[in-house]
Amino acid sequence: MDKLLSEFSLGLFFWQLLLFVGLVLLLKKFAWKPILDAVNEREEGIKKALESAENAKKEMQNLASDNEALIKEARAERDAMLKEAREIREKMISEAKEDAKEQGAKMIENAVTAIDQEKQAALAHLKKEVGDLSMIIAKAILKKELSSQEDQIKLVEGMLKDVTLN
Amino acid sequence: MRRKFSIKKITFLLFLVSFVSVAQHNEKKDVANAPKEEKDLKVTIKEYINHHLLDSYDFGLFSYTNDQNEKVHIGSPLPVILWDNGLKVFLSSKFHYGETLAEVDGNYYKLYHNKIYKTDAQGTINYDAEHHPTNAKPLDFSITKNVVMIFVVFLIMFFMFKRMASAYQKNNGMPKGMGRLLEPIVLYIRDDIAKPNIGEKNYKRYMSYLLTIFFFVWIVNLFGLTPIGVNITNNIAVTFCLALFTYVITTFTAKKDYWKHIFWMPGVPVPMKIILAPIEFLGTIIKPFSLMIRLYANITAGHIVLMSIIGMMFVFNNWLGSSLSFFLAFVLGILELLVAALQAYIFTMLSALYFGSAVEEHDEHH
């Protein structure tokens, strides 16, 4: 310790203090600040570049997924449209079928009524014809049959028999 | 390319300036009463080592005794600046390496054991009981060998890093030349010393100091290993100055938490607080003190050991011992290169650690 103290040189201390303070201040202004700033700037630049690259990548991914979504949507729309078209077609067909059926039914009904009417008319006509004919026949039969008494009785009896059987 | 050369030129010129004026100080020595010549070789070596470890008032490269038995010093004198009732400036060549008195404005100064004392015209040195000189010592601001080297390192660092900085601007933020070598070191100090120890938030304002101290100590240590052999960091004044910076910066940038943890440690009982306060306070001084001693002791010890082993070559004076010593000195020299960087690293690292403790924010009590 004694040696250390005796070795201590105030002059050297003074110069060291002066020069070192000067060195720190000068280097701070002319070297460390520009160097560290440049390094920082460069690092920031690299960081930013990396970030923007990452962002671009993400954007690309987003775009891709957007595209995919769009495609999907378009596909879904197409499917929906197709489905709708199919439905419309089906509906139209079924409607047409229904219509046709209805029309047919109506026509058939009409035809049936017409036939019925015709039949009725024909029947009425037939009845009349048959009545006329039977009148003629009856007239003729009566003319022939009721010429004898016996035959008249026979006929009345036969009619009575039928009545009782009923 | 031209700029590259200009730096070399500057450094070269600096040395030239010191050595162009290399005055050959031939001093006639009295052959008859020169008991030094008969001194034991070991003692000579020891003296040489001790002399090497000390600062000196001239930039001596080497000295030898020539055929005419004259002691020849190769080197250059340096200005001596004294404050003794007024500024006294003269060249150290006036001392003739301690052989003569320097007379300035009627005052006499004597170089005795590498220190300047004020004496009478005869150069008498009075001693106290412990054989310490009692003569008055004028305030000494001389440009000694070490001051010259500090100045050289100052210039080297300034131009080196200024050039590095301007290269960034010219080169779009990319390092160039020397900067490519230095940038990883700068980044290492920032990312592995400053950031983890001080913290992301506060590290920036300490960066200038940490970078300067690291490169300063490193370059200075390396210069100590060159054959010029000026080791600045084995002066206690220098390491004291550096440690003082760390202490002052720590103290003046410290936050409230730091002082609170020193004088009124939270979370311990009151009697413990009272006991802890002086201990903690002493700790704040011991920390930079250890910085000072560590750097000083490591560099001094390294130099003593290295020079002793080199000296052993001459002591052995046979091929086996001398070559072994040479090999050992070689290995140790490489080790010293490592130590030069290591000590700079440790100094920076510990400084950062102390700064970190000064600005640390404690969230909870412990």
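1. In chain A of this predicted model, confidence is lowest in helix α1 (residues 2–7), where the mean pLDDT is 73, and highest in helix α2 (residues 10–145), where the mean is 88. Taken as a whole, chain A averages a pLDDT of 85, and 96% of the residues score at least 70.

2. Turning to the contact between the chains, 29 residues come from chain A and 35 residues from chain B. On the side of chain A that touches chain B, α1 and α2 of chain A each supply at least two residues, although the largest share, 25 residues, comes from α2(A).

3. Chain B is assigned two parts, domain 1 (2–144) and domain 2 (147–359), and 17 residues of domain 1 of chain B are in contact with 19 residues of domain 2 of chain B. The elements that give two or more residues to the domain 1 side of this contact are α1 (2–20) and α2 (41–53) of chain B, and the residues of that side divide into 10 nonpolar, four polar and three charged.

4. The largest nonpolar core holds 80 residues, and among these V153(B), L210(B) and F216(B) touch the most other members. This core draws at least three residues from each of domain 1 (2–144) and domain 2 (147–359) of chain B. Leaving aside residues up to four places away in sequence, V153(B) touches F216(B), I219(B), V220(B) and F223(B). As general background, nonpolar side chains tend to be buried together in soluble globular proteins.

Notes
Residues are numbered from 1 along each chain as its sequence is written. Chains are lettered from A and ligands numbered from 1 in the order in which they are written. A nonpolar core is a set of buried Ala, Val, Leu, Ile, Met, Phe, Trp, Tyr and Cys residues joined through C-beta atoms within 7 Å. A residue is buried if 20 or more other C-beta atoms lie within 10 Å of its own, exposed if 12 or fewer, and partly exposed in between; C-beta atoms are placed from the backbone. Domain bounds come from an automatic or database domain assignment. Two residues are in contact if their C-beta atoms, placed from the backbone, lie within 7 Å. pLDDT is the predictor's confidence in each residue, from 0 to 100. Helices (H or I, at least four residues) and strands (E, at least two) are DSSP runs, numbered from the N terminus. Ala, Val, Leu, Ile, Met, Phe, Trp, Tyr, Cys and Pro count as nonpolar, Asp, Glu, Lys and Arg as charged, and the others, Gly among them, as polar.
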